[in-house]
Amino acid sequence: MRRAVILAVLPAAFAEQALYAQCGGLGWTGATACVTGSCCAVANTYYSQCLPCPAASVRSPASTTSSSTPSTSTGVIYLCGDSTMAPNGGGSGTQGWGEYLKYSFSNTGLTVTNSAIAGRSARSFTREGRFAAVAAKVKKGDWVVVEFGHNDGGSLGTTDNGRTDCFGSGSEICQTTYNGVAETVQTYPTYLKNATSMFLKAGAKVILSAPTPNNVWEKGSYSWGPDRFAYYAWLAASQMGGPSTGVYYVPHGAYSAQAMKGLGASVVNANYPNDHTHTAPYLADALAKAFVLGLKCGTSDLGKRAINSTQELTQTYLGQCIAANSTLPV
């Protein structure tokens, strides 16, 4: 009996997990060793992942310098979004990209506060008072990044989920009842503009960001195109006055899709462990870098303060700056 128990343990003890596979975390009973060339990296209490071992020549984010000379004034970057941005992502070992943004602003005087919450839309973030709570904290010199879209679609029917926005790009309104309470539902651009107005009034500047895409390799070949929420974010930034009023747009969806195309199908598919929306830590970090590239390719002071240089970022799988019309508020 003792021999049988020992043999039963051997496969898990000596097996090696593939690159980008899970290798640890609370409740994990599988192998904790990784194949040669990869190391088991702790992402959080619940998830560790086999990632490429860092080479001695690779610089840490803190030692990566920018080609510009940014301001060193202090401030906070507040993040408002859904599970694709939030701490612990959609659960079960996934992670939101917002958790990695801080590494691009280390030693700059800017800190990152991730206020994103899983399962939220621009509508529910508004109804729950979460935009207002952030607005009550911000001050001059702060930034607010707003990125929703994954939970804002659908239709307002007899079973309202409390997240779906009124369809449209203008001032359309819809009447519904949610949890027994009558509610006037507004459009996605309206929710973004209302929140932006609060942040501007408090002295902050605002980044309205297009949502990250679902797995672009899900169907076997690369496929991506911007959705209506990317357009809505751009529209809201434009209607709020753009850079002249302190409102900027980042096409994060396009930069994320470009990064995933550069990484390739095998890497990307391995980093969607549960579904086609929520990323494992490695890909969440990649999407954070994609957002930073979007900042660096734009005109905001926030982009200038990121410690990464545009040249350094574009020499990787992230790709090049995406061409934009000169009137685009970026």
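## Helix α6 and its length

Helices (H or I, at least four residues) and strands (E, at least two) are DSSP runs, numbered from the N terminus.

A word on the model: it is predicted, so local features need pLDDT of at least 70 and side-chain atom pairs count only at pLDDT 80 or more, while totals for chains, interfaces and linings use all residues. Residues are numbered from 1 along each chain as its sequence is written, and side-chain values use heavy atoms, with hydrogens and water left out.

## What covers α6

Just after the helix, Gly-264 has a positive phi of about 95°.

## How α6 meets α8

The axes of α6 and α8 are 8 Å apart, at an angle of about 130°. Axes are lines fitted to C-alpha atoms, for helices over the stretch in contact, with angles from 0 to 180 degrees between N-to-C directions. The pair is therefore oblique; angles under 35 degrees count as roughly parallel, over 145 as roughly antiparallel, 65 to 115 as roughly perpendicular and the rest as oblique.

Contact (heavy atoms within 4.5 Å) involves residues including Tyr-255, Ala-259 and Met-260 of α6 and Leu-283, Leu-287 and Phe-291 of α8. By class, this contact has eleven nonpolar, four polar and no charged residues. Ala, Val, Leu, Ile, Met, Phe, Trp, Tyr, Cys and Pro count as nonpolar, Asp, Glu, Lys and Arg as charged, and the others, Gly among them, as polar.

## Loop residues to look at

Most residues other than glycine have a negative phi. Tyr-20, in the loop between β1 (16-17) and β2 (22-24), has a positive phi of about 75° and is buried at 8% relative accessibility. Ser-92, in the loop between β6 and β7, has a positive phi near 55° and is exposed at 61%.

Tyr-103 is also found between β6 (75-81) and β7 (110-114), and is partly exposed at 40%. Tyr-103 and Asn-308 are 205 residues apart in sequence and 9.5 Å apart in space, C-alpha to C-alpha.

How values were computed
Buried < 20%, exposed > 50% of the residue type's maximum accessible area, 1.4 Å probe, protein only.
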